[in-house]
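Me: I am new to this structure. Please walk me through how to read its features, one at a time.

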Amino acid sequence: MKWTRFVRAKSVCAYFFVGPGLMYGLFTSRMPALKEQVQANEAEIGFVLLAFGLSALCGLLSCASLIRRFTSRKVIKYATFLLMFTLPLCGLMTSPLFLGLAVISMGFLTGLVDVAMNAQAIQLEKRFAAPCLALMHGSYSLGGLVGALSSASFAALGIAPFWNFAIVMAVYMLPRPWAVPRLAKDQVIKEGTKDTRQKKGFALPPLFVILCGLLAACCYSGEGTVGEWGSLYLFSVKGSSEQMAALVYACFSVSTLTCRIFVDMLRTQFTDFPIALCGGLLATTGMCIVLNSPYAPLCLVGYCCMGLGMAPLVPLCFSSAGKCPHVTPEEASAVVSVLGYGGLLACPPFIGMAAHNYGLDKALLIALGLTICMCIGAFLFRERRTARQQ
C-alpha cells in the first residue's frame, strides 16, 4: 500500500516537473520563428533572454516567502495555471519589446514553479524515505524533449508559434484536474524547534564548494547556449531548415535524459573523477563537431555528445559539495544552485551581444571555452578523493 501511494505521489509530482521543461523546449525550439515574427536582431533576442533570466531569478528569490505563507501546493496550483497561458501569449507578440514583456511574466512564474515543485519532491523523499529527485529532474528533461519534438513537427507543417504553443499546452493541461488535488500537503514545522533555528552571521563557504558551484555554472551556461542559441545557429549559420533546427534541444534533451538514467549505476563502478573527465572531454568533442561541421545532421550528433557529456557533471557537483566538511548539505546546495543559475543567467545573453558584433559562429567559441573548463574542473573530484585518503 505504501509503495502504491508513493508511485502515485511521484506521478503527480513528475507531472508538474514536465510542465516547465515542456515550456522551455517549446520556447527555445521556436526561437527562429519568434525572432522572424517580431523582426528582432541577435542583440534584441539576447536582451529578451536576459529579461527571462532576471524575472526567473526574482521568482526564485520570492518563492520561499510565498511558500511559507501559502504552502508549495497552492503556489504550484496557481503559478502553473498562469504559466500555461503566458507561453501562447509570447506567440502573439509582434515586436521585441512586447515579446520581452511577455517573457518577463513567463520567467517569473517559471521561477516560482521551479522552487515549489522541488519543495514538493523533497517532501516526498522525507515522507516515504525513498529517493525521487533524480526521477523528477529526468521528468523535466522529458518535458524539454517532448516540447522540442513537437516544435519540430509543427514547424515542418508551417504552423505559427502561437498555435503550436496553444495546442501543446492544452493537451498538457488535460490531466491537471486529476493531478492538482493529489499534490502533497506541506509538512508544518513549529516555530522554535531545532529545524527552524538559523545560524547568525555570515561565513564564506569552503573554496571547494565555491569551485563546485563555478563548475556547475559552466554546465548550466553550456546548456543555456544549446537551448537558447542552438536552433538559431543551425538555422542562420549552417543553413538548415527550421524543422531540423528545432531538433537541437530535442537531441540534447534525449541524450541528457539517457545519461542521467545510468549515472548512479556508473558511480557504483567508477570514481567520480573519470566520469567527470570523460564527460568534459565528450562535451568538448561535441562542441568541436558543432562548430566545424558543415552538415546540420552532423551538428545534431555533436549536440547529442554535449548532452551525454554534460549530464553527469551537475549531479556530481551537488553530491561532492554536500559532503564537504564544515558546511551542511543545505548550505552547499544553496551555493552551487546560486552560482550555477548565475551562469545560466549571464552567459546566453552575453553570447547574443557577442553574436551581434562578431557573428554567432564566433560567439559560440565561448561555449567551447566552457566545455574546456568542464574538463579542467573534473580534476576537482580527483583532488577531493586524494584529500579523503590522506
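Me: In which helix is Leu124 found?

Reply: Leu124 is found in helix α5, residues 96-128. Helices here are DSSP runs of H or I with at least four residues, strands are E runs of at least two, and both are numbered from the N terminus. Keep in mind that this is a predicted model, where local features need pLDDT of at least 70, side-chain atom pairs count only at pLDDT 80 or more, and totals for chains, interfaces and linings use all residues. Residues are numbered from 1 along each chain as its sequence is written, and side-chain values use heavy atoms, with hydrogens and water left out.

Me: Is Leu124 buried or exposed?

Reply: Buried means under 20% relative accessible area, exposed means over 50%, and partly exposed lies in between (1.4 Å probe, protein chains only). Leu124 has 2% relative accessibility, so it counts as buried. Its C-alpha atom is separated by 9.8 Å from that of Lys185, 61 residues apart along the chain.

Me: What does the whole chain look like?

Reply: The chain has 18 helices and zero strands. Of its 390 residues, 52% are buried. Now take contacts, meaning heavy atoms within 4.5 Å. Among contacts with a separation of 6 or more, 83% join residues 24 or more positions apart.

Me: Which residues have the most contacts inside the largest nonpolar core?

Reply: The general idea comes first. In soluble globular proteins, nonpolar side chains tend to be buried together. A nonpolar core is a set of buried Ala, Val, Leu, Ile, Met, Phe, Trp, Tyr and Cys residues joined through side-chain atoms within 4.5 Å. Here the largest one has 109 residues, and Met106 and Leu234 have the most contacts inside it. Helix α1 (residues 2-29) gives the most to this core, with 14 residues. Beyond its neighbours within four places in sequence, Leu234 is in contact with residues including Met244, Val248, Leu300 and Tyr303.

Me: How do I read a helix pair, and at what angle do α4 and α7 cross?

Reply: Axes are lines fitted to C-alpha atoms, for helices over the stretch in contact, and angles run from 0 to 180 degrees between N-to-C directions. Under 35 degrees counts as roughly parallel, over 145 as roughly antiparallel, 65 to 115 as roughly perpendicular, and the rest as oblique. Helix α4 (residues 72-90) and helix α7 (residues 161-172) cross at roughly 165 degrees, and their axes come within 7 Å. They are therefore roughly antiparallel. Met84, Leu87 and Pro88 of α4 meet Phe162, Phe165, Ala166, Met169 and Tyr172 of α7. This contact has eight nonpolar, no polar and no charged residues. Nonpolar covers Ala, Val, Leu, Ile, Met, Phe, Trp, Tyr, Cys and Pro; charged covers Asp, Glu, Lys and Arg; the others, Gly among them, are polar.

Me: How far apart are the axes of α12 and α13?

Reply: The axes of α12 (residues 272-292) and α13 (residues 296-310) are 7 Å apart, at an angle of about 160 degrees. That makes α12 roughly antiparallel to α13. Their contact divides into twelve nonpolar, five polar and no charged residues.

Me: Which residue follows α2?

Reply: Most residues other than glycine have a negative phi. α2 is followed by Gln39, with a positive phi near 55 degrees. Gln39 is found in the loop between α2 (31-38) and α3 (42-70). Gln39 is exposed, with a relative accessible area of 63%. In contrast, α2 is mostly covered, with six of its eight residues buried.
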